[in-house]
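Please open the model in your viewer and get your selection tool ready. We will go from stop to stop, and at each one you pick something and look around.

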Amino acid sequence: MFGKLFGKKDKEQAHKPDTPEIMGLYLGGSFELDPLKLKLIQPSLKINGAASKHLIQAVGKVVLDSGGTMFRFYTDDDAFLQVITDGGETENHITDVKLWYFYDTKTVGSETQWQDLLKNSISQPVYSLDGDVYERVWDAVGEISPPVAMTETTFEQDGDVTTTDQFIMLYEKSISDDDVEAVLVSGEEKIVGNNHDRCLVISTGFNVSPSDITING
C-alpha cells in the first residue's frame, strides 16, 4: 500500500542508496505534509507552528532488537519523520509513521544524574508534560519497565556519520476517539574525544498516514 501511494522514481532519476532510504525519502530530499491535517490537529498538540514543507538534512537508522528497522529523517523545521518497519525494509513492511518535534533538550552533567535518568526518570508509569499526563506504552512483565536501548547511526549532508546510544520510552495520551499525541523521552549518549556527551531529549509527535505525505524528491 505504501509503495503504491508514494510511487517509485524513474531509474535514471533514482537516488543512489548510499544512505538509508524508504518511501522515496532520502538525505537531501524533501516532503510535504497535508496543511489541512496540520491545521486541524495542532490545537490538540504541544507542537505549535509546524511547517508543512520539510527539507531532509540528516538521516538516522536503527536496527531494532525486535528484528525491525527504524528510519529517522531529520528536517529543517526542528523535526524528524520516523518510519518503523518489521520483517524487511520496504514500503510493504512499514508498521508505524510519526512526525516528531523536539520539545526540550537538557545536558546531563554527571554520572550520578545519568544513572538516575536511566533508573528512575526516563521510564515511569505516567509522564507529565506541561500539566498533561501521558501513559507509558512499552510495559514489561513485572513492576519494572526499563528504557529500551538502541543505537542510531546518523548520516549528515556534509558526509559526517555519527553513532548515538539511546535509552528511550514512549508515552501516549488520547486526543480523539482514534488518535493520540505521543511523547518520546530519550537519554542519549555519544563519545566525543575521550568524554561522554550525554543529554535528555524530549520530543512530542503524532501519527501520520500515507495520504498525508507528498514526496517532492
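Select S186 first: leaving out residues up to four places away in sequence, S186 touches Q166, F167, I168, C199, L200 and V201 (contact means heavy atoms within 4.5 Å). You are in strand β10, residues 179-192 (strands are DSSP runs of E, at least two residues, numbered from the N terminus). S186 counts as buried because its relative accessibility is 2% (buried is under 20% relative accessible area, exposed over 50%, partly exposed in between, with a 1.4 Å probe and protein chains only). Now show E188 too: its side chain and that of S186 are joined by a polar contact of 3.2 Å (here, a pair of N or O atoms within 3.5 Å, one able to donate a hydrogen and the other to accept it; residues adjacent in sequence count only if both atoms are side-chain atoms).

A note on what you see: this is a predicted model, where local features need pLDDT of at least 70 and side-chain atom pairs count only at pLDDT 80 or more, while totals for chains, interfaces and linings use all residues. Residues are numbered from 1 along each chain as its sequence is written, and side-chain values use heavy atoms, without hydrogens and water.

Next, select S145, in the loop between β7 (132-136) and β8 (148-156). Is S145 buried or exposed? S145 is buried, with a relative accessible area of 6%. Its side chain reaches the backbone nitrogen of A140 at 2.8 Å.

Finally, pick W138, which lies in the loop between β7 and β8. W138 is partly exposed, at 32% relative accessible area.

Note on methods
Helix = DSSP H or I, 4+ residues; strand = E, 2+ residues; numbered from the N terminus.
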